[in-house]
Amino acid sequence: MAGTDPIHQFVIEDMFPLFTLGGDGTAGSGLSFAFTNSALFMVATVAIIGLYLILSTGSKSVIPGRAQLLSELVYGFVANMVRSAAGTAGMTFFPLVFSLFTFIFVANMLGMVPYFFTVTSHIIVTFALSMLVFLTVIIYGFVKNGPKFLKLFVPAGVPGYILPIVAPIEFISFMSRPISLSVRLFGNILAGHITLKVFTGFIVTMGSLGFLGILGSALPLIMAVALTGLEFLVGAVQAYVFAVLTCMYLNDAIHPSH
């Protein structure tokens, strides 16, 4: 069943227990914490990024090799993204944006490997990343601007008599950011992987029906190949979109006036 079930690939499974809080010592009592397959691939994602950056930039060659050149290209790409969306002052948050972009990108690419786990297909992971951005915006916005940060909810040039209508709309829009940011990433990755799994399941099912079934499986095979390429593209685009929106939200904390 696991081989054809499109949802099985998203199941979080315990790999080994860590510790238990509370309980009376009997099995099943208390709150158990375990190292899961999701945690494993999050650790693997961070390890891959860290090792690659250390190994590719360790020599600091004047004439960079391919590995160092790729690291510098990613650095420049994210730096330009931050400056374009949040200005020079936004470079304060470059480490945050760079970390988010590379983490989501590498996690999405790892999820495309057969039998690997896609951590961004779980709303709890994407929501945690979104809340990190959201809380950073709020805390930095008030620390830097004080009460002036509330100007974010009062668009410039709006007549005073319609502010009671516009301000609540702006506030609701602001509060919905972590939801929209997390659901966008989670939804695209989840839907794409399910669709790909369904088409590959068609190939296996039709291939078991004999010669005519094998001929008929050509169409879902073509679709599966096309969807695989599309999923790689979606994984990269979603990492970019998450990073760009993060920069735009951080810009609100730096420059709250519209």
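Is Phe 142 buried, partly exposed or exposed? In this predicted model, Phe 142 has a relative accessibility of 38% and so counts as partly exposed. Its ring partner is Phe 149. The two ring centres lie 5.0 Å apart, with the planes at 65°. Planes over 60 degrees apart count as edge-to-face, so this pair is edge-to-face. Phe 149 is buried, with a relative accessible area of 1%. Both residues belong to a cluster linked by ring pairs, which also includes Phe 134, Phe 153, Phe 171 and Phe 174.

The whole structure holds 13 aromatic pairs. One of them joins Phe 77 and Tyr 240. This pair is tilted, with 5.8 Å between centres and 40° between planes. Phe 77 sits in helix H2 (residues 66–86) and Tyr 240 in helix H8 (residues 218–254). The pair thus links distant parts of the chain, 163 residues apart. Phe 77 is partly exposed, at 38% relative accessible area. Tyr 240 is partly exposed, at 38%.

The largest pocket holds about 760 Å³ of space. It is lined by 25 residues, and those closest to its centre are Gln 9, Pro 114, Tyr 115, Phe 116 and Lys 197. Helix H6 (177–207) and H8 each give two or more residues to this lining. H6 gives the most, with six. By class, the lining has twelve nonpolar, ten polar and three charged residues.

The second largest pocket holds about 280 Å³. Of its 14 lining residues, Tyr 52, Val 74, Thr 102, Phe 105 and Val 106 are closest to the centre. Helices H1 (37–57), H2 and H3 (94–110) each give two or more residues. This lining has twelve nonpolar, two polar and no charged residues.

Notes: Residues are numbered from 1 along each chain as its sequence is written. This is a predicted model: local features need pLDDT of at least 70, side-chain atom pairs count only at pLDDT 80 or more; totals for chains, interfaces and linings use all residues. Side-chain values use heavy atoms; hydrogens and water are left out. Rings of Phe, Tyr and Trp (its six-membered ring) pair if their centres lie within 6.5 Å; planes under 30 degrees apart count as stacked, over 60 as edge-to-face and the rest as tilted. Helices (H or I, at least four residues) and strands (E, at least two) are DSSP runs, numbered from the N terminus. Buried means under 20% relative accessible area, exposed over 50%, partly exposed in between (1.4 Å probe, protein chains only). On a 1 Å grid over the protein atoms alone, a cavity is a set of points where a 1.4 Å probe fits but cannot get out, and a pocket is an open set with protein on both sides within 12 Å along at least five of seven lines; lining residues have an atom within 4 Å of a point. Grid points are joined across faces, edges and corners, and a volume is the space filled by probe spheres set on the points. Ala, Val, Leu, Ile, Met, Phe, Trp, Tyr, Cys and Pro count as nonpolar, Asp, Glu, Lys and Arg as charged, and the others, Gly among them, as polar.
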